[in-house]
Amino acid sequence: MTELSLHVLDIAQNSVSAGASLIEIEVAIDTRGDRMTISVTDNGKGMDGRTARLAQDPFYTTRTTRKVGLGIPLFKMSALMSGGSFKLEGRPGEGTRIEAVFGYSHIDRLPLGDMAQTMAALIAGSPNIDFVYRLSKDGRDFALDTREMRAVLADIPLSTPEVLEFVRRQIAGASEDIVQT
């Protein structure tokens, strides 16, 4: 994958498959510490320690359609290649948390990519699941929470094209204001 947002999309889709009703995605940039942390936390079926270790192996997958699972191992490799770290924790019945730390200015760090489109795609593909997206850089913060959106929109589905465009614009604007400065 050429952008970190595509890794986030893949991991969040794993959360959907694991039965999550809430998926929290956070991108935190700390220029003083020269790091960018991306975390994906869900309340899905979770996994035990053994499965969490196996999920980081490219030759392990729970899918029956193919014999390899590259999403998590490639995300981990991307973090490690940039001088960062990777952590996958889960508890059966409670959910899973993946945290990847990247060297922010490292030459091998992949670009963040289009998180606005990633979030819009996740919401469009799973409109009944709640998503929280948080973006921060050096103390400047943005958050989008579909639970709050549902409360305001009442009977209007989140998968409505106008709502998805609103989500995309809000996140793109925040990314431009926060990340580009």
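**Strands and helices of the predicted model**

Strand E1 (residues 22-30) and E2 pair in the antiparallel sense, with eight bridges between them. Two strands count as paired if DSSP finds at least two bridges between them. Helices (H or I, at least four residues) and strands (E, at least two) are DSSP runs, numbered from the N terminus. The model is predicted: local features need pLDDT of at least 70, side-chain atom pairs count only at pLDDT 80 or more, and totals for chains, interfaces and linings use all residues. Residues are numbered from 1 along each chain as its sequence is written, and side-chain values use heavy atoms, without hydrogens and water.

Glu 26 has Ser 39 of E2 as its bridge partner. E1 and E2 form a hairpin with four residues between them. In the turn, Asp 34 has a positive phi of about 55 degrees. Strand E2 (residues 35-42) is mostly covered, with six of its eight residues buried. Buried means under 20% relative accessible area, exposed over 50%, and partly exposed in between (1.4 Å probe, protein chains only).

E2 also pairs with strand E4 (residues 95-103), in the antiparallel sense and over eight bridges. Here Met 36 has Phe 102 of E4 as its bridge partner.

The open sheet has six strands in the order E3-E4-E2-E1-E5-E6, with mixed pairing. Its edge strands, E3 and E6 (140-145), each pair on one side only.

Helix H3 (residues 71-81) has several buried residues, including Ile 72 and Phe 75. The buried residues of H3 pack against helix H1 (4-17), E2, strand E3 (85-91) and E4. Contact means heavy atoms within 4.5 Å. Gly 83 follows H3 and has a positive phi, near 80 degrees.
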